[in-house]
Amino acid sequence: MKMRFYVVTVLPEMLDSFVRTGLVGKAVESGALEIHPITPREFTKDRHRTVDDAPYGGGSGMVMMPGPLVDAMDSAEARESAREDGGARPLRILLTPQGEPFTQRIARELASTQKALTLVCGRYEGVDERARIRCDREISLGDFVLMGGEVGAMVIVEAVGRLLPGVLGNPESTHEESHAQGRIEYPHYTRPAEFRGEKVPDVLLSGHHAQVAKWRKKESLRRTLARRPDLLETFPPDAEEQKLLDAIRREGEGA
């Protein structure tokens with residue numbers, strides 16, 4: 001399934017390199033992804049192409065005006081409607097610190113349910129409430145504040161796009177990585193077999209696939225227990241995992 005991303009931003013140049021390089025660039029070139037920057041400045045009425053103004057009621061900073069933002073969002077829907085296949089109504093997502101934290105679960109949900117997304121990148125002090133309420137969803141990268149939503153939009157494009165057919169060379173990799181199954185990923189090793197006195201674990205050199213799989217599962221659980229124990233509550237371990245966790249805890253007690 002092809003995904004189309006419309007990125008509403010006053011800084012479309014931030015996306016120039018992003019859409020041309022790496023796996024995202026290859027996916028765009030192959031047609032697996034479409035990324036269309038839309039700048040609200042195209043929809044301004046004054047010669048200065050103004051997109052922000054002082055807030056009513058006073059206060060610091062400037063607020064993005066509703067008119068250019070909403071017109072930019074509407075233009076994404078117009079582009080979709082003009083498609084030969086009729087397109088799809090893009091889900092409007094506002095990137096804001098006030099939104100729900102972005103997770104792998106949300107990335108999977110968007111990849112499996114949507115054909116087009118409009119990613120609205122705020123700037124300055126924020127966006128006019130009348131533009132905010134015209135978005136379907138609000139998403140945040142975490143409990144911190146950036147200068148704008150463009151970095152968040154690129155994160156969503158990567159996280160969602162890589163789950164789509166034709167974007168990654170090996171689609172199986174999306175099932176084993178960190179957070180894909182509610183677990184932190186196991187350690188990785190490649191050549192050389194010894195680096196500055198540290199050797200690759202013998203099991204990975206054994207050629208015994210069942211033992212390798214068991215080692216990877218155990219090390220994945222070890223890291224999850226140490227770094228993100230909350231994931232073990234959200235995604236409870238099955239019987240096999242519980243045995244491995246018990247063994248890990250005994251090893252820790254004996255250390």
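The largest nonpolar core of this structure has 30 residues, and those with the most contacts inside it are Phe5, Ile93, Phe102, Leu117, Leu119, Ile156 and Val160. The model is a predicted one. The points below take up the cores, a sheet, and some details of the backbone.

**Nonpolar cores**
- A second core, which is separate and has 17 residues, includes Val10, Ala72, Val120 and Cys135.
- Once neighbours within four places in sequence are left aside, Ile93 is in contact with Leu110, Leu117, Thr118, Leu119, Val120, Arg137, Ile139 and Ile156.

**A sheet of 3 strands**
- An open sheet with mixed pairing has its 3 strands in the order β3-β4-β7, and its edge strands, each pairing on one side only, are β3 (52–53) and β7 (126–127).
- The strands β3 and β4 (residues 63–64) run antiparallel and are joined by 2 bridges, with Asp52 standing opposite Met64 in β4.

**Backbone details**
- Most residues other than glycine have a negative phi, and most peptide bonds are trans.
- Tyr124, in the loop between β6 and β7, has a positive phi near 60 degrees, and this residue is partly exposed, with a relative accessible area of 38%.
- Arg196, in the loop between β9 and β10 (198–199), has a positive phi of about 50 degrees and counts as exposed at 76% relative accessibility.
- A cis peptide bond, with omega about 5 degrees, joins Arg191 and Pro192, and Pro192 is found in the loop between α6 (173–176) and β9 (194–195).

How values were computed:
Residues are numbered from 1 along each chain as its sequence is written. This is a predicted model: local features need pLDDT of at least 70, side-chain atom pairs count only at pLDDT 80 or more; totals for chains, interfaces and linings use all residues. Side-chain values use heavy atoms; hydrogens and water are left out. Two strands pair if DSSP finds at least two bridges between them. Helices (H or I, at least four residues) and strands (E, at least two) are DSSP runs, numbered from the N terminus. A nonpolar core is a set of buried Ala, Val, Leu, Ile, Met, Phe, Trp, Tyr and Cys residues joined through side-chain atoms within 4.5 Å. Buried means under 20% relative accessible area, exposed over 50%, partly exposed in between (1.4 Å probe, protein chains only). Contact means heavy atoms within 4.5 Å.
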